[in-house]
Amino acid sequence: MTDPEQPMDQEKIREARKKALKVLERMDRSETELRGKLVNAGFESEYVDDAVDYVKFYGYLNDARYVRDYITYRSDQKSRRRLMQELQFKKGISRELIEEVCEKLEPVDERPQIHRYLEKKHYCHAEFGEGQRRRLITTLTGRGYSLSDILAVMKEEF
């Protein structure tokens, strides 16, 4: 850790900023992910803070945009609830920001995803026993789908 009264090394500032830009060049990241990458690269916290502020100032780092894009591009593969959990617990984004962004997004009908999953499992209401149906329901609720959507799709003809 450097002495707070000593000015920051301009060369280290440039290196940290350059590394931040290089990380974001390959793929969009959350602020928490970028901070982790910079810390793992050996930069001290004040240089990490400066680099993060720098890329935020120029619009290269924006958690709201990251949340919107993450949900938009993955919503056909996973439930919105599951994506929100990933953003919060794996990507380090606050629940408040995630909910704020989600309110602005169009609602998604997740029933086609449930339908695809049931087809993949060769679900047939007449042929599946109660235990098999319960296991499917447990799996789908664990993936973040609502029980009402699951039951509605299961009642459709297969």
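Analyst: In this predicted model, helices α8 and α9 cross in a right-handed sense. Helix α8 spans residues 130–142 and helix α9 spans residues 147–155; their axes come within 10 Å and cross at roughly 140°. That angle makes α8 oblique to α9. On the α8 side, the contact is formed by Arg133, Leu136, Ile137, Leu140 and Thr141, which meet Leu147, Ile150, Leu151 and Met154 of α9. By class, the residues of this contact divide into 7 nonpolar, 1 polar and 1 charged.

The loop between α7 and α8 contains His122. This residue has a positive phi of about 60°, although it is not a glycine. As a general point, most residues other than glycine have a negative phi. His122 has a relative accessible area of 64% and therefore counts as exposed, the cut-off being over 50%.

A second pair of helices to consider is α5 and α6. Their axes come within 9 Å and cross at roughly 145°, and the crossing is right-handed. Arg80, Met84, Leu87 and Gln88 in α5 meet Arg95, Ile98, Glu99 and Cys102 in α6. The contact of α5 with α6 has 4 nonpolar, 1 polar and 3 charged residues.

Helix α6, residues 95–104, has Ile98, Val101 and Cys102 buried. They are placed on the same side of α6, because the arc that they cover around the axis is only 100°. Of these, Ile98 and Cys102 take part in the contact with α5. The buried residues of α6 pack against α5 (80–89) and against α4 (63–74). The opposite face, turned away from the buried side, carries Glu96, Glu103 and Lys104, which are exposed.

Helices α4 and α5 also pack against each other. Their axes are 10 Å apart, at an angle of about 140°, and the crossing is right-handed. From α4, Tyr66, Val67, Tyr70, Ile71 and Arg74 meet Arg80, Leu83, Met84, Glu86 and Leu87 of α5. The residues of this contact divide into 7 nonpolar, no polar and 3 charged.

At 38% relative accessibility, Ser45 counts as partly exposed. Ser45 and Thr32 are 13 residues apart in sequence, and their C-alpha atoms are 13 Å apart in space.

Asp50 is also found in α3. Its relative accessible area is 18%, so Asp50 is classed as buried, the cut-off being under 20%. When neighbours within four places in sequence are left aside, Asp50 is in contact with Met8, Ile13 and Arg17. Asp50 and Leu21 are 29 residues apart in sequence and 12 Å apart in space, C-alpha to C-alpha.

Another aspartate of α3 is Asp53. With a relative accessible area of 47%, Asp53 is partly exposed, whereas Asp50 is buried. The C-alpha atoms of Asp53 and Asp69 are separated by 21 Å, and these two residues are 16 residues apart along the chain.

Definitions and conventions. Residues numbered from 1 in each chain as written. Predicted model: local features only at pLDDT ≥ 70, side-chain atom pairs only at ≥ 80, totals over all residues. Heavy atoms only, no water. Axes fitted to C-alpha atoms, helices over the stretch in contact; angles between N-to-C directions. Helix = DSSP H or I, 4+ residues; strand = E, 2+ residues; numbered from the N terminus. Parallel < 35°, antiparallel > 145°, perpendicular 65-115°, else oblique. Left-handed = near helix turned anticlockwise from the far one by under 90°. Contact = heavy atoms within 4.5 Å. Nonpolar A, V, L, I, M, F, W, Y, C, P; charged D, E, K, R; others polar. Buried < 20%, exposed > 50% of the residue type's maximum accessible area, 1.4 Å probe, protein only. Arc of directions from axis to C-beta.
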